[in-house]
Amino acid sequence: MRLIVPLQGVVQGRGGLILGSLIPCALFYFLQLYLKRNRSPNSQSSPPSRSTSSSTLAEMTRTLSRGSIGPARISSRAISIAKPNDSPYYIGLDKASEDPYDRIGNPHGVIQLGLSENRLCFDLIKKWMLDNLSDSIMRKEGGDLSISGIATYQPIDGTMELKLAMAGFMSRVMGGAVSFEPSQMVLTAGATPAIETLCFCLADHGNAFLVPTPYYPGFDRDVKWRTGVELIPVHCRSTDNFILSITALDQAFNQTRKRGTKIRGILLSNPANPVGNLLSREMLHGLLDFAQEKNLHIISDEIFAGSMYGNEKFVSMAEVLDSENFDKDRVHIIYGLSKDLSLPGFRVGMIYSFNENVLAAARKLTRFSSISAPTQRILVSMLSDTRFTEEYIETNKKRIQNMRDLFVAGLKVLGIRCGESSAGLYCWADMSKLIPSYSEKGELELWDKLLNVAKINITPGSACHCIEPGWFRCCFTTLAQEDIPVVMERIRKVADTHASCS
Amino acid sequence: MAIEIEQPSVGLSKVAVSETHGEDSPYFAGWKAYDENPYHESSNQSGVIQMGLAENQVSFDLLEKYLEEHSEGSSWGKGAPGFRENALFQDYHGLKSFRQAMANFMEQIRGGRAKFDPDRIVLTAGATAANELLTFILADPGDALLVPTPYYPGFDRDLRWRTGVKIVPIHCDSSNNFQVTPQALEAAYQCAESMNFKVRGVLITNPSNPLGATIQRSVLEEILDFATRKNIHLVSDEIYCGSTFSSSEFISVAEILQTRDYKNSERVHIVYSLSKDLGLPGFRVGTIYSYNDKVVTTARRMSSFTLISSQTQHLLACMLSNKEFTEKYIKTNRERLSKRYDMIIKGLKNAGIECLKGNAGLFCWMNLSPLLEEPTREAELTLWKIILNEVRLNISPGSSCHCSEPGWFRVCFANMSEQTLEVALERIHKFMEQRKRK
């Protein structure tokens, strides 16, 4: 919009017709040149969006001349979203889904290691479904068949039954160290809307959240797209194993304040994504002190709390608040069943807050993303089956640990070490020795080779805003054990060609 | 530089504290009264009867019968093949089989007079989300959408709250049965311009809520032409199209576009949902059907915030692909709604109350203006309170629908049993008798 106003002034007479048509054309030409130069080598966008950015430009330049009627325009918010995806995170996901690896059916396909999905315990869930779902979904606990129980309008922030069941499950997942209040929950169709809704409640357009890097690429979408809220990275280093330091937080806070941007809170994932480490109790205290001092909110995304392995214990923000005297009003927790219960398709997420005002607002906002009633009913059954959930949580831990050990060992043989971690469905691998130049460009070249030559999709650290090049997130829970040697072999080939070139 | 005001406690956003959710209006206040004292056929016969909720319960038995006989939708069959894929499926494109089934269902409802391409269907968790999403895509904060009055009170929230977009009303009145006129369209456009709002589109509900009537073909064409002339979008919320009492009376904007060979169609978007026609609001199933590729792509990506559970998609794909079931359901549902409508109109007429001639929807648009002390909004609200507290019926006052003529009320009839409807009609009759005597 800001471009159009001065140009209109030119067209309206101050610069004459020639300038009026010359300037937009020149801009158009230079913008196309810039885009061509900077387009990543692999932005093979799907057909409908391929011509989007150029046609959008054409539209804009057409509407600059007075009186023209182009096609009905879409909003500025939408224009940026309509552009072809240029983040390696999304490009890789697309490529892998177009040509998915299958041991028997498509052995030369792309192996998907870029999606943090857990497929290790499906057999348990499937068995539960078969044993328990033979009845119609309409039948409620021994009652008569009736659809009105699930067909009619439900409480938009989730049924009380599901909240109770979720409270129990969350508590079990976190080792029974803390209990959760159903009345402090707002259920949403996945953690994605939970994060967005929370941002709408806590920050205005133009405000910012501090977020430690590297962070989950999806935050750029969930937090920024429609809310207009900014994310300010707080860089963490491998020397600290990528753990946040209060000093760095403070620095980022002050720098951002000087710019005139208002910071409303800190957003973090704990267990961390993509690194997979945990915040210690002391660190959580430090964060709470900092938030209190600067009057900030804390959003703690704890969606991987049940995807632990190893012996370290997970400490939830809720646990710390329970035991200490901190201002609870500023703490909000995100949770969901996509990772811990492997049901991303069912869309179950949650905002857990201690702030009544936030809960009141969030409750009203969830009407835009409520959980489907029949799904809620199934989950109430499943989550209330404590025998099942206990077995699931235990087995899940063991299988993730097993897979991780094999995967990390495989990488070690190739000379690739991984960051220390105790949770998550991925490992954080240091491939800096394999990149042609120690820079983001070099990292993306390696990513490209791995995706298009070796045909494995892993997520480069730059997509996660990591400040040190060469780190990659590799999700190993979508694999079967037999696939690990295949993956390692493919990486080895790339590593060898790099060694022979250098 | 802005002066920073120190806040004693951690603050919330403007969105969180704003009143744009509109939930303090009488539309929602009546629900509170109902929640506190709900009518029940046997246990609470003096409670408030809920006639403010447009829910369709008249065809539940058909749904129950289907689900009982076809459990393959709710399980995944022997050995549950496909369960894994289903549980993992979070693709914002949506299940292809479900989109196909939705496209077919939408065609069936329109008597095959319009074709729908499954690849233009974007799924959302309910029409509420669909309307908001479209608004995010078509308009920037501070822009405006033109909406004919009276309109569904929820639009104030769905179209404005998080989007920052304004609604400028297109005033309609009873002189021509509240139909939109070219003059009213132009007046609304000028009004928006004079307030410095950029108009981005017109949003119509067809069949109309709260009028309970379909939009005539000529009016639809006028609205479409208006949108084309002004180079703005047209959103047609058609969630009540399957609740038209006679299939031939509903004309979808899709039909008009088809007859025009889809010329200028990239500005048209249709919202649909299974909440009203199929009576499944709890399932949270809505769709955006757009003739504009960019809108489809963008809406799909934005739908990440409002995906439909894959389990629900699977269940409904099975149900809606069953042609035998859908044909029977659509036909029977129409007949039952028509019967209910006749019943309430007759009952109201006996009580001396006239309604707008309707042919669709789960409600009728009742004219109580003769009962008003004076033709004002205040008098209407006074009457509404009396009906709520003394007659113990929750009906929706026209002012909460932004109707410019006081005295009209929306009365829902499909969310209760016939017996309950009888009780409600008796109460109204008694009330009117009392007033006559005074």
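Two bridges join strand β9 (residues 354-355) of chain B to β10(B), and the two strands run antiparallel. Strands pair if DSSP finds at least two bridges between them. Strands are DSSP runs of E with at least two residues, helices are runs of H or I with at least four, and both are numbered from the N terminus. The model is predicted: local features need pLDDT of at least 70, side-chain atom pairs count only at pLDDT 80 or more, and totals for chains, interfaces and linings use all residues. Residues are numbered from 1 along each chain as its sequence is written, chains are lettered from A and ligands numbered from 1 in the order in which they are written, and side-chain values use heavy atoms, without hydrogens and water.

Cys355(B) has Met366(B) as its bridge partner in β10(B). Five bridges join β10(B) to strand β13 (residues 408-412) of chain B, again antiparallel. There, Cys364(B) is partnered by Val411(B). Strand β10(B) spans residues 363-367, and five of its five residues are buried (under 20% relative accessible area; exposed is over 50%, partly exposed in between; 1.4 Å probe, protein chains only). In a regular strand the side chains alternate between the two faces of the sheet. Phe363(B), Trp365(B) and Asn367(B) point one way, and Cys364(B) and Met366(B) the other.

Chain B is divided into domain 1 (26-61 + 326-432) and domain 2 (75-322), with bounds from an automatic or database domain assignment. The contact (heavy atoms within 4.5 Å) takes 33 residues from domain 1 of chain B and 42 residues from domain 2 of chain B. About 3,100 Å² is buried between them, and carbon and sulfur atoms give 58% of this. Buried area is the accessible area (1.4 Å probe) that two parts lose on being put together, summed over both. Thr326(B), Arg334(B) and Asn359(B) supply 24% of the area that domain 1 of chain B buries against domain 2 of chain B, more than any other three residues.

Over all chains, the structure holds 43 salt bridges. Asp143(B) and Arg200(B) form one, at 2.9 Å from N to O. Both residues are buried. Glu418(B) forms another with Lys339(B), with the closest N and O atoms 3.2 Å apart. Glu418(B) lies in helix α15 (residues 418-437) of chain B and Lys339(B) in helix α13 of chain B, so the pair ties together parts 79 residues apart in sequence.

How values were computed
A salt bridge is a side-chain nitrogen of Lys or Arg within 4 Å of a carboxyl oxygen of Asp or Glu.
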